[in-house]
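Subject: Structure for you to look at

Hi,

Here is the structure I promised to pass on.

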Amino acid sequence: MPQYCSVPGCRNSGGHKFPEDRELQLKWRVAIKRRDITTKGLWKPGKHDVVCAAHFKDADYRVSGLLGSRKRLLQNAVPSMFFFRESSTPRSSKYSRRDDVNSSLINIVQLVVEVGNEAEVKEECEDMDGIEPMHQEIGVQCAILGRFSIENLVNDPKRVQYYTSFKDYDHFMLFFNCLVPAVNELNYQCLSLTPKDQLFMCLMKLRQNKEDLELSFLFEVSESTVSKIVITWIKFMYFQLKELNIWPSRDIVTDYMPEDLKYKFATTKVILDATETPIQKPSHVDAQSVTWSSYKHKNTIKTMIGCTPRGTVSYVSDAYGGSASDRQIKEKSELLQLNSNLFEQKDSIMADRGIMVQDLFAAQDMKVNTPTMLKGKSQLEPEEVVRDRRVASKRIHLERVIGLAKTFKILKNELPSGKLILGSRIVFVCFSIANFRKCIVNENA
């Protein structure tokens with residue numbers, strides 16, 4: 001079967017294979033302006049892909065043979081002749097090409113062909129920002145040079161949100177700037193990736209739970225490098241975000257409390273509930289017992305989460321084995337420490353029915369609003385039913401916040417045993433990043 005030319009719009013068969021030299025091959029890739037339909041980045045040729053002779057000048061060949069009948073391509077030749085057709089029918093889906101390329105792109109291609117190294121490629125691509133949107137869509141985004149990079153998503157907010165949870169590139173940079181300049185002081189420094197791309201990789205790991213091997217393909221680094229970057233940045237973000245005081249004062253809670261909740265439960269300081277993250281079954285029998293959750297019927301780690309009435313995450317406990325009860329986690333938390341000054345007199349807590357901790361907070365003169373227990377009664381009184389419905393309608397805000405944090409798929413899929421030691425930090429980072437998102441609780445809720 002003949003091998004068709006790799007240049008978009010060209011249907012000639014046969015030609016010259018892409019050079020093995022990395023830098024020269026890059027020039028060829030940039031010159032033909034072909035875009036990868038999957039990654040939307042610069043297309044990478046396969047072992048047998050070719051560029052036909054129609055895209056080379058006569059000066060790109062040297063003549064050999066007694067009668068000058070044999071032409072050989074010069075070692076440093078780069079394709080520069082492009083004559084795109086206005087319309088054509090693809091020969092097959094396997095060899096389909098984008099044929100609706102505007103002829104004005106020829107000048108852009110010619111411009112990029114003249115560059116000599118990666119730095120110059122980036123500079124030329126920055127100069128192309130003024131071309132029309134249609135040209136930008138058709139043209140290859142040269143700046144990433146075949147490697148995943150957050151810089152390539154500057155004008156692609158949909159993909160930024162998909163990979164990182166931030167709504168656009170500027171939102172991502174807001175979070176990144178909260179971490180600098182400490183990013184330059186990390187113990188592990190990856191010289192092949194910028195700090196922004198290292199954060200981008202780590203967020204992709206948290207958000208989409210991608211395998212280290214897949215990330216190594218996307219960022220063109222080794223699998224061990226991916227693992228080191230992810231572990232380093234999870235620890236780094238944990239300690240950096242831990243320095244932020246996310247526990248608000250009584251005045252702040254009151255000022256931002258939704259109107260309906262202020263009317264019904266005005267003294268509420270925090271809404272509490274537990275969430276569980278599945279983990280791989282430990283090999284040790286004792287560890288299996290400690291992490292087994294009778295509620296989820298699998299091995300998990302459990303964390304207590306608290307949020308303000310307006311939906312801001314204000315408390316994240318350490319992670320415990322799934323067998324731990326909500327009361328046990330509360331007993332070990334700093335919420336009960338009298339010298340912590342987290343609560344004021346007459347503050348109240350809203351929680352699920354399973355969190356029976358009224359006696360624990362009695363010493364701080366605090367009330368815990370939970371749905372009423374039957375306690376042997378056949379049914380509840382009408383006023384108790386009304387109150388329980390009100391509590392449930394407000395406690396649901398925390399369920400929504402937990403759901404927002406669990407858009408990070410690493411919290412929904414089984415956490416590998418190798419990452420289990422980072423369990424508490426992973427949960428804290430994911431819930432802390434949720435505070436950088438838009439508030440999901442309406443001011444009138």
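This is a predicted model: local features need pLDDT of at least 70, side-chain atom pairs count only at pLDDT 80 or more; totals for chains, interfaces and linings use all residues.

The protein has 445 residues, and 47% of them are buried. It contains 16 helices and 11 strands. If you take the contacts between residues at least 6 apart in sequence, 63% of them join residues at least 24 apart.

Now for the inside. The largest nonpolar core has 67 residues, and the members that touch the most others are Leu-206, Phe-219, Trp-233 and Met-237. Helix 9, which covers residues 223-242, is the top contributor with nine residues. Where does this core sit? It lies between domain 2 (150-243) and domain 3 (250-435), because both of them give residues to it.

Next, two helix pairs. Helix 8 (residues 212-219) crosses helix 9 at roughly 105°, and their axes come within 8 Å. An angle from 65 to 115 degrees counts as roughly perpendicular, so that is the label for helix 8 and helix 9. On the helix 8 side the contact is made by Asp-212, Leu-213, Leu-215 and Ser-216, and on the helix 9 side by Glu-223, Val-226 and Ser-227.

Leaving out neighbours within four places in sequence, Ser-216 is in contact with Val-221, Ser-222, Glu-223 and Val-226.

The other pair is helix 15 (residues 382-405) and helix 16 (residues 423-434), which pack at about 110° with their axes 9 Å apart. Helix 15 and helix 16 are therefore roughly perpendicular too, and the crossing is right-handed. Helix 15 makes the contact through Ile-402, Leu-404 and Ala-405, while helix 16 uses Cys-430, Phe-431 and Ala-434.

Is Gln-198 buried or exposed? Buried: its relative accessibility is 2%, and the cut-off for buried is under 20%. Gln-198 belongs to helix 7 (residues 195-208). Beyond neighbours within four places in sequence, Gln-198 is in contact with Cys-190, Leu-193, Ile-229 and Trp-233. The C-alpha atoms of Gln-198 and Ser-149 are 9.2 Å from each other, though these residues are 49 apart along the chain.

Most residues other than glycine have a negative phi, and most peptide bonds are trans.

- The peptide bond from Val-180 to Pro-181 is cis, with omega near 0°. Pro-181 lies in the loop between helix 6 (169-179) and helix 7.
- Glu-220 has a positive phi, near 55°. It is in the loop between helix 8 and helix 9 and is partly exposed, at 24% relative accessible area.
- Lys-346 also has a positive phi, of about 75°. Its loop runs between helix 13 (326-332) and strand 10 (348-351), and Lys-346 is exposed, with a relative accessible area of 57%.

Cheers

Key. Residues are numbered from 1 along each chain as its sequence is written. Side-chain values use heavy atoms; hydrogens and water are left out. A nonpolar core is a set of buried Ala, Val, Leu, Ile, Met, Phe, Trp, Tyr and Cys residues joined through side-chain atoms within 4.5 Å. Buried means under 20% relative accessible area, exposed over 50%, partly exposed in between (1.4 Å probe, protein chains only). Helices (H or I, at least four residues) and strands (E, at least two) are DSSP runs, numbered from the N terminus. Domain bounds come from an automatic or database domain assignment. Axes are lines fitted to C-alpha atoms, for helices over the stretch in contact, and angles run from 0 to 180 degrees between N-to-C directions. Angles under 35 degrees count as roughly parallel, over 145 as roughly antiparallel, 65 to 115 as roughly perpendicular and the rest as oblique. A crossing is left-handed if the near helix is turned anticlockwise from the far one by less than a right angle, and right-handed if clockwise. Contact means heavy atoms within 4.5 Å.
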